[in-house]
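Student: I would like to learn how to read a few features of a protein model. Could we take them one by one?

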Amino acid sequence: MEKEAHNSAAVFRLQAMYQRLCTEQEHEKDLEVKISSILKENEQSMWHIEIEEGKSSTLRENLKLEEAKLAQFLQSQAEERLIQAKMASLRIERTKNSQLQKAMEREKNYELHRQKVISEAKKNHKIAVQFLKTTLAKVRNNEVQEEKISQEHMKRRMDAVISLKNNITMNRDSLQKLSAWDHARNHLIKEKEEAEKEVIAALGGDALKQTLHDKQNLELEIRRRLFEEDQKLRKCEIVARLLKEEAYDEKMKQRQLDLENGKRWIIKAKKLPSLKEKKWNNLMHICKEQTPVLPHEKENQRPSNSTEQDRSLSITSTDSLNNNYGEEILTEPEISGLWAEKYKPYKVPKDEVERKPVGGSKMEQDILANTLEKLRSGIIHKQVVSGREFKGCPFYSKPDLIHFKDFDVGKTYKKKMTLINASFTINYCKLVGVEDHLKDFITILFDPPGPMSAGISCEVVITFKPMINKNLEGNITFLAQSGSFSVPLKCTTKKCVLSLDKELIDFGTYVVGEIVSRTITLENHGALGTKFQVHTNVDKCDLDVRSSNITESTLYSMDDRIMEEKMIPSFLDNTQSETYCPPSLDIIPSTSPKESENPSEEPKQERTIVTINEHAYEGTDVNDEDQTEIKLGEITTNEIEPFGSVKIPIIFTPVIPGSSEARFQLTFKNPDCPPLCFIATGVAIIVPVWVPKPNVDLKICMYDRLYQDAIIIQTRSKAALRLKFEVCPELQKHIELLPETGYIQAQSSFTVQLKFLPKLSLPEDAGQYFDPETRVLEAPMTIRVADQKRPVKFTVHAIVTTSDLEIEPKELNFGYCTIYEAVYTTITLTNKSLLPQEFGFISIPKFVEIQPNDGFGVIRPLQSLPLDVIFKPLKAKEYDFQLNCITEINREFPLSIKAIGVHPPLELSHYRIKFRATPLFDMSAVTLYVINSHTSMNPLTHAVPRIGTGEIAPMGPTSFEFILPDKAPIMIIPSVGTVWPGKKCMIEVIFKPEILETTIKSEVVKMRNRKLGVKPKPVKKDTSAKKGALRMLSTAPIKAAVRWLKPRSPHKKERRKPEKIKKDSEEYAIAKATLSTDFQEEFNKYVIPCVVASGDIKDKKETELMQFSPYNILYLELYCPAVNPCIIVASDNGKTLFNFGDIAVGHRGIKRITIQNVCSEYLDVELSLLDPYGPFILLSPCRGLQANESQDIVVSFSPERVTCSWKTWKSFQRKEP
């Protein structure tokens, strides 16, 4: 049909639709095949799944059965646990009840015990008070007595000082007398010698020879006297030796007789030479070796030479005595005749003196040897029994060693010894004696028993009486029939045998902060006590006594000193030239054996003297470097007694984790005791619980704000520990730790929540933890751990500051403000906090504006930020409202504002005028209107003019007047006028920048002075501000944003009047051109007040003034920029006025004018059009000017009629881009 209708477009559209439907049908068939294949696959998978489910159905049933059994088992187990929990709760209740009963009993017992203790304490207090009173009375009495004694002592001292002073004066006088006598005697001797010389010279002899002869005679006399003294000493020595030999011979004869008779006897040890004998021998030895010294000086020096010889002799003898004094024995001599005071030694004639050889003569020695041989051959013989010869010791002693321990000088000690016959048959025993060095101290009581069978014993009593404090060792010799034998004998002095019970103190492992004490015992196993000193640093310890040569310091007792003092006077009588000083206990010379053997070889050799400081052993040694961890405790005594012990405490205070070691050394005052050392070691470990950050810094915080922080606590312990968190009592109102008690698991961490809410009372509550100047808070926190002595501490640091903002002033009063102006004042916003704060003035009314940033911003710490509050009233009324400054923490700080809105009867069309950049000597003009819109007195229909809420201004003509400032380049035309209601008056404001006439004249004066060579005086600048205001209000100091009057100077300085300068003079033109060339760009702002008064100004008389309201004032703000002109007139000294003079009609006058571009850019210059029918014709075209380029313009004047012509040309310049 479509074809028939010849609708080809429809045919094509139907064909296309048919083809599209065919393709869609094919796609549907393909999709159906795919879906059927997918369906078959899904059915196959479903059947496969059902087959698998059939296989697992048995497993599922078994699983259900097991789950049912498990549920039954769990239920039964839960019932059992419930029963156990009930039983446990019952047990806990029982234990709690029992503990409660025990606690109540303990509390009762504690209360009874406390009451008993209190009563006893009261009784003891009463008794103590009584005793205290008595002791105080005794102390006062003692003080009074001591005061009396001290006064008496002071009086005695003063008397002694006075007597000493008197003695000194007397001695001084006597010495002066003696010196005068000596001087006189010497003078007489010299005069006598001179007289003798004169006499000899007068007789003709040689005076010098005679004086030499006299000196030689004197020397010979001195030698003779010395020789005689030497002979006397040698005789005394010979007599002493003879007496010794006789005594020795008598002793030997007596002993020989005793041995032969076999009587009961007591053998005494041979006594060594006594102290007097030793001194006598030393003196003899010195006298032998000493040679006389002859004087070789002048005669007046003879007495001094003799005294020096005597002094050297006394010093030498004293040294020899001191050297040989170490072996003194204080036993009395057997023969005391030689030392008697009345004894006079026997003087042997010189011809009978003969030297006897040492040890006796040869005949005596042979007799002694033969006698001893006979004795030995008659007493000792071999013992043979049954063909066996006895060999060995014939007698055994019990004990084997005779030991006298810890003896005291002067006391007597006895010991018994048993001798047992150990030979084969009968034997005899005879006492021979002891060694020579023991004979003065050992006495043996022995009764020979006669023949003794084998095994028979006898007793021997040994008596020991020490005279010196020295160790003695030797043998007691016995003689038996088969030979001699000896028993050892030993005598030991009191000694210090010191030892420590241990040499190592191991404290073990302790936690840092604990204090552990250990003791080490110093034991003395000897009978002599001593003082000791403990050094905590072995490397630096140094005793005051370090000499091992002091071995005889204890050998000299007080008895020895007393006996020697008795012997010295008799010795000094015989030897007056010798001096002797006994050694003291504290100072003992230490000499070597060589020095003691040869004392005369080095008489001047220096000997070291060691001083034993008694005060060095009065306490323990405190080193400069104190031990921080292992140190010495307090020692009650520094002296150890004989057979006693002292406990020395050592304290271990671990501070730093790790091992610590300290070395200690004990030194003793007794030099025979070697120092003892011991070591103390310990290991310090960190507390098991610690805070990784011991200083929690909360930075800067504000009052009444909550601050939180998480404190992590860690432990290295392998068991759970209970923690208790404590805050110091002063800060419990401000700081809180949650939870207060917790349990920390093994080797894990625990978190505590710290809440800090500082209140305003924090400075008073915190006390020493808060510094009010720096506002720093240091709060110590304590964590107490169970079974740990040292608590874990950490510190919370915070700087607490206020959040106050201060607004100054707090009240503003803008006074009277018109609705056509905006008044502003500045307020100061001060941040008292140490943190920056965001602030903002919100809910500000439409008539108030705060700048900058609309009253929002951030104020820095302790910053004072000025803000301008701009008030622009919308209508006439009284304003009293409040602005709120809100901080980010919702604190409000109010600012109260008061003002009175004024609606004036007139208004201006524009209140602000911005002039274009006007060149110098150019002019810019702007037009505005003064409008009177007060046409109705009904305040309901529209706003009426009024002051605040006062009366409405009268409707009618209203006058105005613009008051211009002095010397302002502003003109307002008209400046005074009247406007009727509903009308407006046009005002033209002209800005014409010029240079003041006074400035030009002063420049002329300067030019004249420069020509004359007069130096200008320095002008003092008036720095006082010239400010004033038309409207002086007694309210707050308010500034207007759109009004500001430049004040008139109330004080005008009197200046010197320059010479009369004419404006048309050449100097005036040059000065004006110079100033215009040097003119700088300036910008001035003028606020012109316009006062308003009701009524028509025309109706007022000239003498009658208008009543202007001080509140209905309008202000016009002018912005006046003045610039330097780009083109100036360079010809004729810069004059801009050209006078052609009188030109006849029909004639022509020509003037050439030079203009110059003074700016730094290219200018396109155009001149204003001239009247084509006028007398002035421009003869040269005007072109553009480059920088500082000039151009000449030729103008002609050809008048056509008699007239005065005037034409003003203007140049228009345009800068190319």
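Tutor: Helix α9 (residues 997-1012) has 16 residues and spans 23 Å from its first C-alpha to its last, close to the 22 Å expected at 1.5 Å a residue. The expected span is 1.5 Å times one less than the number of residues. Helices (H or I, at least four residues) and strands (E, at least two) are DSSP runs, numbered from the N terminus. This is a predicted model: local features need pLDDT of at least 70, side-chain atom pairs count only at pLDDT 80 or more, and totals for chains, interfaces and linings use all residues. Residues are numbered from 1 along each chain as its sequence is written, and side-chain values use heavy atoms, without hydrogens and water.

Student: Which residues of α9 are buried?

Tutor: Buried means under 20% relative accessible area, exposed over 50%, partly exposed in between (1.4 Å probe, protein chains only). In α9 the buried residues are I1000, E1003, V1004 and M1007. They lie on the same side of α9, because their arc around the axis is only 105 degrees. The arc is taken from the directions from the helix axis to the C-beta atoms.

Student: What do the buried residues of α9 pack against?

Tutor: They pack against α10 (1066-1077), with contact meaning heavy atoms within 4.5 Å.

Student: How many disulfides does a search of the whole structure find?

Tutor: A disulfide is a covalent bond between the sulfur atoms of two cysteines. The cut-off is sulfur atoms within 2.5 Å. The search finds 0. Take C393: its sulfur is 9.6 Å from the closest cysteine sulfur, in C429, so the two are too far apart for a bond.
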